[in-house]
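Please look over the sequence and the model shown here.

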Amino acid sequence: MAATFRWILQLHKDVPKAAKFYSEGLDFTVNVCTLRWAELQSGSLKLALLHSPSEPPPQKGYSSVLSFTVTDINNTVTKLMALGAELDGPIKYEIHGKVAAMRCVDGHMVGLHEPA
């Protein structure tokens, strides 16, 4: 029997804040949320958030990158910035559509793509 994918795990200093970020900014459904653990879902993808008791080490590059297709990149960027995210460079206008990279809660990266 083949292994089946369960979820992606991210470590966060503030799990409820991170859960709010993904639920309000990217419309994830929150299945469970406590101070130490949250499980969110978007379609068949599950994202698990675990409380990190210590400060994550400073990173020189990127941590995990979650990539999303969105219908309105400008609206999504605005929502995520209101929740504390920062653009990691400008929105780019490529032949296949608009793309943006955002540094989010606890340094995690989110890639956005609005198809042309």
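Contact means heavy atoms within 4.5 Å. By that rule, and not counting residues up to four places away in sequence, phenylalanine 68 touches Leu26, Phe28, Val110, Gly111, Leu112 and His113.

This is a predicted model, in which local features need pLDDT of at least 70, side-chain atom pairs count only at pLDDT 80 or more, and totals for chains, interfaces and linings use all residues. Residues are numbered from 1 along each chain as its sequence is written, and side-chain values use heavy atoms, with hydrogens and water left out.

**Strand pairing**

Helices (H or I, at least four residues) and strands (E, at least two) are DSSP runs, numbered from the N terminus. Two strands pair if DSSP finds at least two bridges between them.

| Strands | Sense | Bridges |
|---|---|---|
| Strand 1 (residues 8-12) and strand 4 (residues 45-51) | parallel | 5 bridges |
| Strand 3 (residues 37-42) and strand 4 | antiparallel | 6 bridges |
| Strand 2 (residues 29-33) and strand 3 | antiparallel | 4 bridges |

Leucine 11 has leucine 50 in strand 4 as its bridge partner. Alanine 38 is bridged to leucine 49 of strand 4, and alanine 38 of strand 3 also stands opposite cysteine 33. Glutamine 41 has lysine 46 in strand 4 as its partner.

Strands 2 and 3 form one, with 3 residues between them. Strands 3 and 4 form another, with 2 residues between them. In the turn of the strand 3 and strand 4 hairpin, glycine 43 has a positive phi of about 60°.

**The nonpolar core**

A nonpolar core is a set of buried Ala, Val, Leu, Ile, Met, Phe, Trp, Tyr and Cys residues joined through side-chain atoms within 4.5 Å. Buried means under 20% relative accessible area, exposed over 50%, and partly exposed in between (1.4 Å probe, protein chains only).

The largest such core has 25 residues. Tyr22, Leu26, Leu49, Phe68 and Leu112 touch the most other members. Two or more residues each come from helix 1 (15-26), strand 3, strand 4, strand 5 (65-69), helix 2 (73-82), strand 8 (97-103) and strand 9 (109-115). Helix 1 gives the most, with 6 residues.

**Valine 77**

Valine 77 lies in helix 2. Is valine 77 buried or exposed? Valine 77 counts as buried because its relative accessible area is 5%. Leaving aside neighbours within four places in sequence, its contacts are Leu87, Ile91, Ala100, Met102 and Leu112. Valine 77 and isoleucine 91 are 14 residues apart along the chain, and their C-alpha atoms are separated by 9.2 Å.

**The second largest pocket**

On a 1 Å grid over the protein atoms alone, a pocket is an open set of points where a 1.4 Å probe fits, with protein on both sides within 12 Å along at least five of seven lines; lining residues have an atom within 4 Å of a point. The residues lining the second largest pocket include Gly25, Asp27, Phe68, Asp72 and Lys79. Helix 1, strand 5 and helix 2 each give two or more residues to this lining. Helix 2 supplies the largest share, 3 residues.
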